[in-house]
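I open this notebook to record what I looked up in one structure. The entries follow the order in which I consulted it.

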Amino acid sequence: MEKKTAVVTGATGAIGKAIARQLAALDFHVVVVCRNEMKGRNAVQDIVKTTGNPDVEYALIDLSRKAPIEEFANGWKKPLHVLVNNAGATPRRREETPEGIEMQFATNVLGYFRMIRSFEEHLRNSAPARVVNVASYWAGGLDMDDLEFRIRRYNNDAAYRQSKQADRMLTVAFSNRLKDHGITVNACHPGDVNSVLSNNLGFGGHETPDQGAANPVWVATSHELEGVTGKYFEHLRESGCHFGQDMQAVDRLFEICEGY
Ligand SMILES: NC(=O)c1ccc[n+]([C@@H]2O[C@H](COP(=O)([O-])OP(=O)(O)OC[C@H]3O[C@@H](n4cnc5c(N)ncnc54)[C@H](OP(=O)(O)O)[C@@H]3O)[C@@H](O)[C@H]2O)c1
């Protein structure tokens, strides 16, 4: 039987690499999406060596920018069964992309949005397919009128919490739009893991990357969740998410993201 294909973004980081490794161990063909060639090459070598699965490769994409994502998707020739949106950034000072978009919003929110939007057709052609948005329980404070911290003073924790709320809201928006096409879209909290991202926010982390990857991989692969969509999971369990309940706000956020 042909291997299933999974794309994992930010798979040179702590949790993403563990997700990619666990999917490779489950015999997926895994594409590690990253922005640093050396890290990408090292991650692939390491995953191939430790899993014995030779079908692991990397793709260099800056996920904070629209053009490279669209180019990546346009050139995609394989099926796509699982897309794990995991890449995230938490710069301590406000940064912007070359297009002038605040970096956390560009990477953590638009990066997820654009990956799903751009790969929609590939996912549909490979259905049943799953999208997993790695979000967080550390979420909230979203201001739809100041998504890029142009009015509020930038604070990386506030920008991060807002971005993870947005990921959870967009999960609901996409699940509604894609459910009739055999694509499920769910969000999850991974685990508390020591990483560049968590250190920037002033956190450490008491879980290993493999523990942090367990929940996203479960959401991406478990038979139990076949057909389940629009939900949020923590510790291998569904957890209520009030961010996805205000459909007016969910749809407004979707439209705003679509406009970028
Ligand atoms: N760690 C935790 O305790 C925790 C808790 C809750 C949720 N999460 C979520 O888990 C996910 C992974 O976090 P982590 O802790 O594993 O962080 P991490 O180790 O810092 O990894 C982040 C990854 O994202 C990549 N990345 C950042 N900006 C990018 C861009 N513009 N284009 C392409 N790749 C980019 C990084 O690449 P570089 O290495 O090149 O920078 C890195 O591979 C995030 O979505 C985060 O919100 C983490």
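**Entry 1: basis.** I note that this is a predicted model, in which local features need pLDDT of at least 70, side-chain atom pairs count only at pLDDT 80 or more, and totals for chains, interfaces and linings use all residues. Residues are numbered from 1 along each chain as its sequence is written.

**Entry 2: helix α2.** I took helices (H or I, at least four residues) and strands (E, at least two) as DSSP runs, numbered from the N terminus. Helix α2 covers residues 37-51, and its 15 residues should span 21 Å at 1.5 Å a residue; the expected span is 1.5 Å times one less than the number of residues. I found the end C-alpha atoms 21 Å apart, which agrees. After α2 comes glycine 52, with a positive phi near 75 degrees.

Entry 3: Which residues of α2 are buried? I list Gly40, Ala43, Val44, Ile47 and Thr51. A residue is buried if 20 or more other C-beta atoms lie within 10 Å of its own, exposed if 12 or fewer, and partly exposed in between, with C-beta atoms placed from the backbone. The buried residues pack against α1 (14-25), β2 (29-34) and β3 (56-60).

**Entry 4: alanine 43.** Alanine 43 of helix α2 counts as buried because it has 24 C-beta neighbours inside 10 Å. Neighbours within four places in sequence aside, I recorded its contacts (C-beta atoms within 7 Å) with Ala11, Thr12, Lys17, Ala20, Val32, Cys34 and Tyr58. Alanine 20 is 23 residues from alanine 43 in sequence, and their C-alpha atoms are 9.1 Å apart.

**Entry 5: the core.** A nonpolar core is a set of buried Ala, Val, Leu, Ile, Met, Phe, Trp, Tyr and Cys residues joined through C-beta atoms within 7 Å. The largest has 76 residues, and Val8 and Val32 have the most contacts inside it. Helix α4 (residues 103-125) gives the largest share, 11 residues.

**Entry 6: the ligand.** I counted 30 residues around the ligand, of which Gly10, Gly13, Gly88, Ser195 and Leu197 come nearest; a residue is near if its C-beta atom, placed from the backbone, lies within 6 Å. Both α1 and α6 (196-200) supply at least two residues of this shell.

Technical notes
Contact = placed C-beta atoms within 7 Å.
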